[in-house]
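User: Hello! I am new to this structure and would like to learn how to read its features. Could you walk me through them?

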Amino acid sequence: MKCNKESVELMHKYLDGDLCKEEEIQLRTHLETCEACQHHFHELKRTITLIKSAEHFAAPNDFTQKVMDRLPTEKKRVTYKRWFKTHPVLTAAAIFFVLMMTGMFASWSEDGQLVVSKQEELVIQGDTVIVPEGVTVPGDVLVKNGKLLIKGTIDGNVTLVNGKLISDDETLNGDGLMASAGGVNGELETVDQMFEWMWYQLKSFFSGVFSF
Amino acid sequence: MDQFIIEKIKQVKKGDQSAFADVVSFYQDKIYQHCLRMLGNAHEAEDMAQEAFIRAYVNIHSFDDRRKFSTWLYRIATNLTIDRIRKRKPDYYLDAEIRGTEGLDMYSQLASEERLPGEQVESLELQRYIHHEISQLPVKYRSIIMLRYLEEFSLQEISDILDIPLGTVKTRIHRGREALRKRLRHV
C-alpha cells in the first residue's frame, strides 16, 4: 500500500493548490488505475464540500451595541497625546517656551554672583566694577549683581542688572552722573525686576536672531 | 468593501469611536461564528467575540495599515479562544452536549433564527451534524480547517493569523482533512 501513502500526499498537495504539472500527471494516471485511491480522493473532495456547508451562525442582534457600550472611554492622556501628534508646531513652540522660561529663571536665580562682561579695562573691587579714569572700554558692558562706577568712558551700551550705578561724588552730584563721571556712548539700562529681566532676555534673544 | 473598512479604521485611529461601530457590525457575524466554532458554546462565544473587538479597539494603534485588518482581527479572536480553551474548567453549559446523544445540545431544542423550517429541516440536521463533527476535532486542526474552508483564508494568511510556519499549516490541514474524511465518510 505504498502507492496509497504517496498518492494521498499528492492529493493533499492538489487540494492546497501546490501541485506542479509533473505531479498532477502522476496523480491523474495513478487515479485512473487505482480504485482505492480514487475513492479516497472522492471522499476528501466531498469532505471539503461538506465542511463548507456546515451550519452558519449569526451574531446576536444587539452585539454591536454591547461592544460599543463596553469600549473604554478615552483617557485624557490619550487625548493629549493625539493632540500633540496632530499639532507638532504648537507642541514644539510649547516645549521651546518651557525650556526658555526655565533657563531664564535659572539665570535669574544665580543670586549674589557678580557677573561682569569680559573687558580687560574693567577693574573689580569687591562688588564694585570700576571704569578707571581716562580709560575707554570698548564694546557693551554688562554688570549683574554689582555696582558700577564710571570714571572713564564706555564705548557701547551699559546694562545693569540687579545693581546700581554709583559715582565718587554721589552725595554732591546725584543726577549729574553721566556728565561728571566719564561718559557712556550708548544706552544705559538698568534692570531690577524679574519682569524686566525677562523682557531684556527676550529682546536680546530676538536682536540676536535678527542680526543673523 | 475593503476600502470602506480601511477608511473606518483611519477614523478610529483619529479617535472617532463611533466609526468603530461600523467595523464591528461588518465583522460581527464572522468573528462570533469563528468563536462559536472554536468554543462550541454560544455564551462563551459572545463573550470572547466582544472581547476580541474591544482588544482590537484598544490596540488599534498597533495595527499596521498595510496589512489586512481581517487577518489581524482573526488573530486576536483566535488567541483569545485558544486561551479560553486552555483555562477552561469543567463546567455545565446549556449548550453542552446532552449525554447519550450525538450532536444534540439544549440549544438544538430551541428554534434556530436563521433558517426556515420545513423542507430544510433535513439539510439543517446535516449542517448541524457537520458543525458538530468539526467541533470534535482537536483545536489545532479545527482552527485551520475552519479558517480555510469556512472563512476562506489562504494558507499564508492562516499562517499569519495563527503565527505558525506555513509548513506546519499544511501538515495540520492534511491531518484535519483526513480526520474529517473518516468522520464524514458515512454521511
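Analyst: Below we take up the folds, cores, rings and backbone angles, one at a time. This is a predicted model, where local features need pLDDT of at least 70, side-chain atom pairs count only at pLDDT 80 or more, and totals for chains, interfaces and linings use all residues. Residues are numbered from 1 along each chain as its sequence is written, chains are lettered from A and ligands numbered from 1 in the order in which they are written, and side-chain values use heavy atoms, with hydrogens and water left out.

User: How many helices and strands are there in chain B?

Analyst: Helices (H or I, at least four residues) and strands (E, at least two) are DSSP runs, numbered from the N terminus. Chain B has 8 helices and 0 strands. Of its 187 residues, 47% count as buried; buried means under 20% relative accessible area, exposed over 50%, and partly exposed in between, with a 1.4 Å probe and protein chains only.

User: What does a nonpolar core mean?

Analyst: In soluble globular proteins, nonpolar side chains tend to be buried together. A core here is a set of buried Ala, Val, Leu, Ile, Met, Phe, Trp, Tyr and Cys residues joined through side-chain atoms within 4.5 Å. The largest one has 74 residues, and B:Phe20, B:Ile31, B:Phe53 and B:Phe69 touch the most other members. Its largest share, 12 residues, comes from helix H2 (residues 19–39) of chain B. Apart from this core lies another of 13 residues, among them A:Val141 and A:Leu160.

User: Which residues does B:Phe53 touch?

Analyst: A contact means heavy atoms within 4.5 Å. Leaving out residues up to four places away in sequence, B:Phe53 touches residues including A:Phe63 and A:Val67 in chain A, and B:Phe20 and B:Ile31 in chain B.

User: Is A:Ile51 buried or exposed?

Analyst: A:Ile51 has 0% relative accessibility, so it counts as buried. You can find A:Ile51 in helix H3 (residues 35–52) of chain A, and among the residues it touches are B:Ile130, B:Tyr149 and B:Leu180. Now look at B:Arg37, in helix H2 of chain B. B:Arg37 is buried too, because its relative accessibility is 2%. Its contacts include A:Glu55, A:His56, B:Arg142 and B:Glu151.

User: How many aromatic pairs does a search of the whole structure find?

Analyst: Rings of Phe, Tyr and Trp (its six-membered ring) pair if their centres lie within 6.5 Å; planes under 30 degrees apart count as stacked, over 60 as edge-to-face and the rest as tilted. The search finds 12 pairs over all chains. One of them joins B:Tyr74 and B:Phe153, with centres 4.8 Å apart and planes at 80°, so it is edge-to-face. These two residues are 79 residues apart: B:Tyr74 sits in helix H4 (residues 69–87) of chain B, and B:Phe153 in the loop between helix H6 (139–150) and helix H7 (155–162). Both B:Tyr74 and B:Phe153 are buried.

User: What is the phi of B:Glu152?

Analyst: Most residues other than glycine have a negative phi. B:Glu152, however, has a positive phi of about 55°. B:Glu152 lies in the loop between H6 and H7 of chain B and is exposed, with a relative accessible area of 56%. B:Asp163 also has a positive phi, near 60°, and its place is the loop between H7 and helix H8 (166–184) of chain B. B:Asp163 is exposed, with a relative accessible area of 56%.
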